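Here's a quick briefing for anyone meeting this structure for the first time. Have a look at the sequence and the model, then read on.

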Amino acid sequence: MHAYAPDLAYIHDTGFTGFVQKAAPGLLRLLRQHGIRGGLVVDAGCGSGVWARELTGRGYDVLGIDISPSMIRLARRHAPAATFRVGSFLSVPLPQCAAVTSIGEVVNYAFDRRSGIRGLAQFFRRVFRALQPG
Ligand SMILES: C[S@@+](CC[C@H](N)C(=O)[O-])C[C@H]1O[C@@H](n2cnc3c(N)ncnc32)[C@H](O)[C@@H]1O
């Protein structure tokens, strides 16, 4: 199975970012409610960078990770203040951070053959270790 190629990345970006756009105000509120008013947010499966743009616009640092080079190309355009890496969230090292997000159907994909219950369990353990205490 292949990651989003340029055509599908374009279609997602133009037609399917409504979910993350509508979710952004609630997500920002959630971060603030938990005392996370700045620092690094890692966005796993960042897609075309719509959430990264919201975060950097409010002073957060962002590392966006996506397996699709086409998505990352769009993300770099949309959120130039963020850092992006092409790779799988199942293997890209997670730096110490204030929060990890993953929005709009990401962990259900099987682009990476390590996907599945075990891969996800390992991912969530890595997320736990990467998060600053509290
Ligand atoms: C439905 S899109 C959501 C994108 C973005 N979070 C949003 O809400 O607009 C799913 C994204 O997950 C990415 N993805 C799927 N499996 C991945 C993996 N193992 N590692 C990194 N990204 C992955 C895809 O490339 C795609 O950009």
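What follows covers the ligand and its surroundings, then a handful of residues and some distances.

This is a predicted model, so to speak of local features pLDDT must be at least 70, side-chain atom pairs count only at pLDDT 80 or more, and totals for chains, interfaces and linings use all residues. Residues are numbered from 1 along each chain as its sequence is written, and side-chain values use heavy atoms, with hydrogens and water left out.

**The ligand and its shell**

- There are 20 residues around the ligand, and His12, Gly45, Asp66, Phe89 and Ile103 come nearest; to be near, a residue needs a heavy atom within 4 Å of the molecule.
- Sorted by class, that shell holds ten nonpolar, seven polar and three charged residues. Here Ala, Val, Leu, Ile, Met, Phe, Trp, Tyr, Cys and Pro count as nonpolar, Asp, Glu, Lys and Arg as charged, and the others, Gly among them, as polar.
- The ligand takes up the space of the largest pocket. A pocket is found on a 1 Å grid over the protein atoms alone, as an open set of points where a 1.4 Å probe fits, with protein on both sides within 12 Å along at least five of seven lines. A molecule sits in one if more than half of its atoms lie within 2 Å of its grid points.

- An oxygen atom of the ligand lies 2.6 Å from a side-chain N or O atom of Asp66.

**The loop between E4 and H5**

- Glu105 sits in the loop between strand E4 (99–101) and helix H5 (117–130). Helices (H or I, at least four residues) and strands (E, at least two) are DSSP runs, numbered from the N terminus.
- Glu105 isn't a glycine, yet its phi is positive, at about 60 degrees. Most residues other than glycine have a negative phi.
- Is Glu105 buried or exposed? With 62% relative accessibility, Glu105 counts as exposed, where exposed means over 50%, buried under 20% and partly exposed in between (1.4 Å probe, protein chains only).
- Asp112 belongs to the loop between E4 and H5 as well, but Asp112 is buried, at a relative accessible area of 9%.
- The side chains of Asp112 and Ser88 are joined by a polar contact of 2.6 Å. That term means a pair of N or O atoms within 3.5 Å; within protein, one must be able to donate a hydrogen and the other to accept it, and residues adjacent in sequence count only if both atoms are side-chain atoms.

**Helices and distances**

- Arg125 is part of helix H5 and is partly exposed, at 48%.
- Leu30, in helix H2 (residues 18–33), is partly exposed too, at 44%.
- Asp13 lies in helix H1 (residues 6–15) and is buried, at 16%.
- Ile72, in helix H4 (residues 69–78), is buried at 0% relative accessibility.

Definitions and conventions
1 Å grid on protein atoms, 1.4 Å probe; cavity = no way out; pocket = protein on both sides within 12 Å on 5 of 7 lines; lining within 4 Å.
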